[in-house]
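I am opening my notebook on how two chains meet. I will look things up one at a time.

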Protein chains: 2
Amino acid sequence: MIYAQVHLTLPPWVHQAVDPDTVCPDDASKVALAIRLAALNVERRTGGPFGAAVFTESGRLLSVGVNRVMPLNCSVAHAEMMAFMTAQHRMQRFRLNEDGHRFTLATSAQPCCQCYGASIWAGIDRLLIGARAEDVHELTEFDEGPLPADWVGELTRRGIEVVRDLERDAARAVLAAYRDSGGARY
Amino acid sequence: MIYAQVHLTLPPWVHQAVDPDTVCPDDASKVALAIRLAALNVERRTGGPFGAAVFTESGRLLSVGVNRVMPLNCSVAHAEMMAFMTAQHRMQRFRLNEDGHRFTLATSAQPCCQCYGASIWAGIDRLLIGARAEDVHELTEFDEGPLPADWVGELTRRGIEVVRDLERDAARAVLAAYRDSGGARY
């Protein structure tokens, strides 16, 4: 039999936990939402300690994502990937900013090698990051994988602005909470 | 409204075109299947000119993938990603080789930056490649994106063997056919 489909889902709690009319006007509040999603994903035991969200230029929430690798048996289902796919599904286009509007991804931790590459195709203009890769390595057993040496410059040259260390302490706290809960590697 | 799911599908023709009992004993025949999938995807106009397949150690076909970016409005839906996700869904595990068995991905063209990163998490032991990145650049308008300078070495160090230039002429022919058909960028 040929397996010809996959169905990727966010946890049911997102409907209660996230107000679809959320507006996050500044960078820090966007990342704070991504971190809150990561924390809830740990608390509810619905995936790894990572969250992400896509916003429009005015700060309106477009989509959310959390890590779903283990629950869905899918190594692709990182938080950033889920946020990109649900945003594109909502907008019905495969490159979010193809109409000239600007979109922002906020993520609780630096994208791994997979999500880094995906960020280049998704059609975002800004990438807002909470925890650094070294925080992830220090506090968890996750591997972020190999990136281009000048990974920030490669994004900048493609029109994607990178802002790091937003709410970094709060982002680190979620990773530590995950570690202390004895969480598996997702 | 929070969009909480995505449904990713391969084209219906895969059920007719692919024998689920396929065994490809050698490297070249594995890549040849990936190239045939790419060619069919162009012919049927169901996505971009890229195909991929996952095989078990004995050469038994486990899953297939084709590029579905434009039909599904999903920048994640590259051929390799579709093949990884359907293989993991079939095996019900997020890292294919976690039980010690070995798995191979064959792809019609060198993985882009997204699929490169995904290959590191998917649980494969061998990566078989048809066309080179420079073939893709020469024959189409696709961008492969930024990779680590020593991208092959990074894979090798993580236990993933890379074999290139398998059926390269046939792989190039599909890219040229796509170009000549006036295909859009996927």
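**Entry 1: charged pairs across the contact.** I am working with a predicted model. I counted salt bridges between chain A and chain B and got two. I looked up one of them: B:Asp143 pairs with A:Arg158. Their closest N and O atoms are 4.0 Å apart.

**Entry 2: polar contacts.** Next I asked how many residue pairs are in polar contact between chain A and chain B. I found 12, with both residues at pLDDT 80 or more.

**Entry 3: who supplies the surface.** I then listed the elements of chain A that give two or more residues to the side touching chain B. They are strand 1 (5-9), helix 1 (14-17), strand 3 (61-66), helix 3 (69-72), helix 4 (79-91) and helix 5 (113-122). Which element gives the largest share? Helix 5 of chain A does, with eight residues. I sorted the residues on this side of chain A by type. They split into 29 nonpolar, 14 polar and seven charged.

**Entry 4: extent of the contact.** I noted 50 residues from chain A and 50 residues from chain B in the contact. I looked up the area buried between the two chains, and it is about 4,700 Å². Carbon and sulfur atoms give 67% of that area. I checked which three residues of chain A supply more than any other three. They are A:Ile2, A:Tyr3 and A:Trp121, with 17% of the area that chain A buries against chain B.

**Entry 5: strand to strand.** I followed strand 1 of chain A across to strand 1 (residues 5-9) of chain B. Five bridges join them, and they run antiparallel. I picked out A:Leu8, and its bridge partner is B:Val6.

**Entry 6: symmetry.** I superposed chain A on chain B with a rotation of 180° and 0.0 Å of shift along the axis. The RMSD is 0.0 Å. The two copies are thus related as by a two-fold rotation axis. I also found that 100% of the interface residues of chain A are interface residues in chain B, so the copies meet through the same surface.

**Entry 7: a salt bridge inside chain A.** I looked up A:Glu57 with A:Arg102, whose closest N and O atoms are 3.7 Å apart. A:Glu57 is in the loop between strand 2 (51-56) and strand 3 of chain A, and A:Arg102 is in the loop between helix 4 and strand 4 (103-109), so the pair ties together parts 45 residues apart in sequence.

Key:
Residues numbered from 1 in each chain as written. Chains lettered and ligands numbered in written order. Predicted model: local features only at pLDDT ≥ 70, side-chain atom pairs only at ≥ 80, totals over all residues. Heavy atoms only, no water. Contact = heavy atoms within 4.5 Å. Buried area = accessible area lost by both parts, 1.4 Å probe. Salt bridge = Lys/Arg side-chain N within 4 Å of Asp/Glu carboxyl O. Polar contact = N/O pair within 3.5 Å; in protein donor to acceptor, adjacent residues only side chain to side chain. Helix = DSSP H or I, 4+ residues; strand = E, 2+ residues; numbered from the N terminus. Nonpolar A, V, L, I, M, F, W, Y, C, P; charged D, E, K, R; others polar. Pairing = 2+ DSSP bridges. Least-squares fit on C-alpha atoms with pLDDT ≥ 70 in both.
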